Amino acid sequence: MRRRGVKNLSTRIVSHPEVLIQNPTDYKGKWKSLFKNDNPIYLEIGMGKGDFILELARRNPNINYIGLEKFPSVIVVAMDKLVLSKLPNVILVCFDASNLTEIFEDSEIDKIYLNFSDPWPKARHAKRRLTSKTFLNTYEQILKKGAHIEFKTDNRGLFEYSLISLNENNWEFLNLTLDLHTDYNTEEIAKTEYEKRFIALGQPIYFIETKKKEK
């Protein structure tokens, strides 16, 4: 969710080009050159304030992470956290997920995370949901063959929609739960800012792990 009235936003958004990439289209097919290694690249779409991706990066130094968020007012918060953490395996991109193929080459990404995406509850907005057919086709294009998507939401409507959309578009369910933090050890799960609040409220988190079915 965007934040309003962020002080000095235009200055802050360009203050750390080493972690918040200003020209992402220039790196299509070349992201590993920024990380200076050949490790796999995991992408979080709609990364919010960065808690999830930074925690994963701390735990997995041999994986490269790209956090994508379209709202500058939100991503600058994650940028500040990343600068302080000095994690070398995270890069941030302020970009709209509708245009992923402009910044990623075919088969360039090894895994995608979709965490607490906007549910777009009105039927006329269904195509904007990050698990709609259009987005799933894009993910298939930029993901390596057999790569996984992990999806978390607190919204039952979006969860049910996503189950139907994934099934209709030939994605295979590898893992599925209606209450992630009851069915699994919550201490082992990297969490978003929203997720931490929902856990405190006792609200269930819906989870899907999926991959495209083999043709």
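## A nonpolar surface patch

A patch is built from residues with over 30% relative accessible area and no salt bridge, with nonpolar side chains joined within 5 Å. This model is predicted. In this model, Phe173, Leu176 and Leu178 form such a nonpolar patch on the surface.

Leu178 sits in the loop between strand 7 (171–177) and helix 7 (180–183). Its relative accessibility is 43%, so Leu178 counts as partly exposed. In general, nonpolar side chains in soluble globular proteins tend to be buried together.

## Nonpolar cores

The largest nonpolar core has 33 residues. Those with the most contacts inside this core are Trp31, Leu43, Ile45, Leu100, Phe104, Ile112 and Tyr139. Leu100 shows what such contacts look like. Leaving aside neighbours within four places in sequence, Leu100 touches Leu43, Ile45, Leu68, Thr138, Tyr139 and Ile142.

Another core lies apart from the largest one.

## Strand 2, covered on both faces

Strand 2 spans residues 41–45. Five of its five residues are buried, so strand 2 is largely enclosed by the rest of the structure. Side chains in a regular strand alternate between the two faces of the sheet. In strand 2, both faces are covered. Ile41, Leu43 and Ile45 are buried on one side. Tyr42 and Glu44 are buried on the other.

Which strand pairs with strand 2, and in what sense? Strand 3 (residues 64–69) does, in the parallel sense, over five bridges. Leu68 in strand 3 is the bridge partner of Ile45. Leu68 and Ile45 are also both contacts of Leu100.

## Loop residues

Two residues other than glycine have positive phi values. Ser107 has a phi of about 65°. This serine is found in the loop between strand 4 (90–94) and strand 5. At 38% relative accessibility, Ser107 counts as partly exposed. For Trp120, phi is near 40°. Trp120 lies in the loop between strand 5 and helix 5. Its relative accessibility is 22%, so Trp120 counts as partly exposed.

Ser117 lies in the loop between strand 5 (109–115) and helix 5 (133–142). Is Ser117 buried or exposed? Ser117 is buried, because its relative accessible area is 11% and the cut-off for buried is under 20%. Leaving aside neighbours within four places in sequence, Ser117 is in contact with Leu130 and Leu158.

## Salt bridges

Side chains of opposite charge can pair when their charged atoms come close. The model has 13 salt bridges. One of these joins Arg58 and Glu55, with the closest N and O atoms 3.6 Å apart. Both residues lie in helix 3 (residues 51–59). They are three residues apart, about one turn of the helix. Arg58 is partly exposed at 48% relative accessibility. Glu55 is partly exposed at 27%.

Lys81 forms a salt bridge with Glu193. Here the closest N and O atoms are 3.9 Å apart. This pair links distant parts of the chain, with Lys81 in helix 4 (residues 72–85) and Glu193 in helix 8 (residues 193–200). The two residues are 112 residues apart. Lys81 is partly exposed, with 27% relative accessibility. Glu193 is buried, with a relative accessible area of 15%. Lys81 and Glu193 also belong to a network of salt bridges that includes Asp51 and Lys196.

Lys212 and Glu140 meet through their side chains in a further salt bridge, at 3.6 Å from N to O. This pair also links distant parts of the chain. Lys212 is in strand 8 (residues 206–212), Glu140 is in helix 5, and they are 72 residues apart. Glu140 is partly exposed, at 29%.

How values were computed: Residues numbered from 1 in each chain as written. Predicted model: local features only at pLDDT ≥ 70, side-chain atom pairs only at ≥ 80, totals over all residues. Heavy atoms only, no water. Patch = residues over 30% accessible without salt bridge, like charges linked within 9 Å, V, L, I, M, F, W, Y side chains within 5 Å. Areas by Shrake-Rupley, 256 points an atom, 1.4 Å probe, with all protein chains shown as cover. Salt bridge = Lys/Arg side-chain N within 4 Å of Asp/Glu carboxyl O. Helix = DSSP H or I, 4+ residues; strand = E, 2+ residues; numbered from the N terminus. Buried < 20%, exposed > 50% of the residue type's maximum accessible area, 1.4 Å probe, protein only. Contact = heavy atoms within 4.5 Å. Core = buried A, V, L, I, M, F, W, Y, C linked by side-chain atoms within 4.5 Å. Pairing = 2+ DSSP bridges.
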